[in-house]
Number of protein chains: 2
Amino acid sequence: MKDREKIPKATIERLPLYYRCLDKMATFEDVEVVSSKDLGGKLDIPSTQVRKDLSYYGEFGRRGVGYNVNELKRSVGKILGVNRTWPAALVGAGNLGRALVNYGSFEMMGLEITCVFDNDLDKIGNLINEREVKSVQEMSQKVMKNEIKLGIISVPAEAAQAVADQMIEAGIKAIWNFAPTRLYVPEDVSVKNEDLAVGIVSLIYHLSWQEETDV
Amino acid sequence: MKDREKIPKATIERLPLYYRCLDKMATFEDVEVVSSKDLGGKLDIPSTQVRKDLSYYGEFGRRGVGYNVNELKRSVGKILGVNRTWPAALVGAGNLGRALVNYGSFEMMGLEITCVFDNDLDKIGNLINEREVKSVQEMSQKVMKNEIKLGIISVPAEAAQAVADQMIEAGIKAIWNFAPTRLYVPEDVSVKNEDLAVGIVSLIYHLSWQEETDV
DNA sequence: GTCCAGCTGTCATTAATCTGACAGCAGCTA
DNA sequence: TAGCTGCTGTCAGATTAATGACAGCTGGAC
């Protein structure tokens, strides 16, 4: 394995796609071996890109043959860290928060939302997918006790920074932020913004341009 | 305005951030003029990047002064196409679908989910944020009648391609895909994958690496 | 008016990322 | 065994994006 610092972000974004594709192949299709061309074909990624991405982490294939599906899946899973379960604390039991807790496909990626918090008295005590919504005040204790490193923020923008601060205080090292705002965090905490309103705009941009040229 | 083809994707992803920030400044803060340094500072983007991004579309600032907040907001809004309302059809009234319909921040970006479809008889007829869930069979007609160009897919992966095909058949030109699968579409249809399970993995990757080096 | 600090727009440079080309290995055929 | 096809891993080149440097404009101070 080479210097982990020098691996393109784009590569890391593609690895989960490979992983899920390999999982699907291992589970539903009866294939033992896959070539970079096959794998790339399913994901609309050039075969050279697939090989390059994998080569950052070692040599997983056999020349003249291809990659063993199960073996590669295990390897990629280990690279990504999804070969174990990562407990996560979610704050914000609104519509989006509930959807995330109920979302099915996280398990495969090692994510388990183990506790849910809110500060709305109407929501505290409710059950979401068998998890009781607790008061935000209980978060720190719970996070520390269970050594939770992963936090998910699905509160309104105004409240997000305060929640983040509290999470960091409690020892959380990675934040998945659904609030439409930038978070200020120390260097050793990583943040991934999943900003839905921003996501849609690139589509609107293309649509808008298309309509203009159509006329 | 220069050749629209040559504008970096990354720039288009940043424009909505500028837009929302400008909106916030225009609404809540009492500033008339903003510099690229200020704007970038709020978003953690270098000022040179801000100026470069804007310069692809024209000259919006005044040398020695900066950008007029309201003017720039209007200009960026127009560039992005969010200066009008884009009706959208959503298919899949599960937890995520419901969360999207109820999501507040889309309005500002011009997105309005005007109709919701599902094929689950238990869901058809329900109200989500004042919109009645209709049968998927009614989608084509509704989309064609209202000339809807934007489709949102929040169904399980297995059903996504069929929904996409139906959308395209009905004239939809842009698809926001929340299903964890690749969609095959004609060239003139744009797809934006909002793959939540993939999004979380890059965080897990960093966490996993951090733990390794901590020891 | 002149000077100065601060700002934009853009060209030149550097960095990041992707793509193409190919040596080298594997397995099959005869 | 030799010959052929298909595949990987990697180097070199091309492409794309980010950064640095600076000319030119602006408004206020004096």
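Thr11(A) counts as buried because its relative accessibility is 1%, under the 20% limit for that class. The structure is a predicted model. Thr11(A) sits in helix α1 of chain A, which covers residues 9-27.

**Thr11(A) and its surroundings**

- Apart from neighbours within four places in sequence, Thr11(A) is in contact with Asp53(A), Tyr56(A) and Tyr57(A).
- The side chains of Thr11(A) and Asp53(A) are joined by a polar contact of 2.7 Å.
- Thr11(A) and Tyr56(A) are 45 residues apart in sequence, and their C-alpha atoms are 9.1 Å apart in space.

**Chain A overall**

- Eight helices and nine strands make up the secondary structure of chain A.
- Chain A has two assigned parts, domain 1 (4-79) and domain 2 (86-198).
- The centres of domain 1 of chain A and domain 2 of chain A, taken over C-alpha atoms, are separated by 31 Å.
- Along the principal axes, the C-alpha atoms of chain A fill a box of roughly 60 × 55 × 35 Å.
- Chain A has 215 residues, of which 49% are buried.
- Among contacts in chain A with a separation of 6 or more, 57% are between residues 24 or more positions apart.

**Nonpolar core**

- In soluble globular proteins, nonpolar side chains tend to be buried together.
- The largest nonpolar core here holds 104 residues.
- Which residues touch the most other members of this core? They are Leu150(A), Leu111(B) and Leu150(B).

**Arg20(B)**

- Arg20(B) belongs to helix α1 of chain B.
- Is Arg20(B) buried or exposed? Its relative accessibility is 13%, so Arg20(B) counts as buried, the limit being under 20%.
- Not counting residues up to four places away in sequence, Arg20(B) touches Pro180(A), Thr181(A), Asp195(A), Ala197(A) and Val198(A) in chain A, along with Met108(B) and Met109(B) in chain B.

**Surface near DNA strand D**

- DNA strand D is surrounded by 26 residues, and the closest are Ser36(A), Arg51(A), Gly64(A), Tyr67(A) and Arg62(B).
- Of the atoms of DNA strand D that come within 4 Å of the protein, 70% belong to sugar and phosphate.
- Arg51(A) places a polar side-chain atom 2.9 Å from a base nitrogen of DNA strand D.
- Phosphate oxygens of DNA strand D lie 3.3 Å from a polar side-chain atom of Glu59(A) and 3.0 Å from one of Arg14(B).
- Elements giving two or more residues to this surface are α3 (47-55) of chain A and, in chain B, α1 (9-27) and α3 (47-55).
- Which element gives the most to the surface near DNA strand D? It is α3(B), with four residues.
- The surface near DNA strand D has 10 charged, nine polar and seven nonpolar residues.

- DNA strand C has 25 residues around it, and Arg62(A), Ser36(B), Arg63(B), Gly64(B) and Tyr67(B) come nearest.
- Sugar and phosphate provide 67% of the atoms of DNA strand C that come within 4 Å of the protein.
- A polar side-chain atom of Ser36(B) is 2.7 Å from a phosphate oxygen of DNA strand C.
- The side chain of Arg51(B) has an N or O atom 2.9 Å from a base nitrogen of DNA strand C.
- The side chain of Arg63(B) has an N or O atom 2.9 Å from a sugar or linking oxygen of DNA strand C.
- Two or more residues each come from α1 and α3 of chain A and from β2 (61-62) and β3 (66-68) of chain B.
- α3(A) provides the largest share of the surface near DNA strand C, four residues.
- By class, the surface near DNA strand C divides into 10 charged, eight polar and seven nonpolar residues.

Notes:
Residues are numbered from 1 along each chain as its sequence is written. Chains are lettered from A and ligands numbered from 1 in the order in which they are written. This is a predicted model: local features need pLDDT of at least 70, side-chain atom pairs count only at pLDDT 80 or more; totals for chains, interfaces and linings use all residues. Side-chain values use heavy atoms; hydrogens and water are left out. A residue is near a molecule or strand if one of its heavy atoms lies within 4 Å of it. A polar contact is a pair of N or O atoms within 3.5 Å; within protein, one must be able to donate a hydrogen and the other to accept it, and residues adjacent in sequence count only if both atoms are side-chain atoms. Ala, Val, Leu, Ile, Met, Phe, Trp, Tyr, Cys and Pro count as nonpolar, Asp, Glu, Lys and Arg as charged, and the others, Gly among them, as polar. Domain bounds come from an automatic or database domain assignment. A nonpolar core is a set of buried Ala, Val, Leu, Ile, Met, Phe, Trp, Tyr and Cys residues joined through side-chain atoms within 4.5 Å. Buried means under 20% relative accessible area, exposed over 50%, partly exposed in between (1.4 Å probe, protein chains only). Contact means heavy atoms within 4.5 Å.
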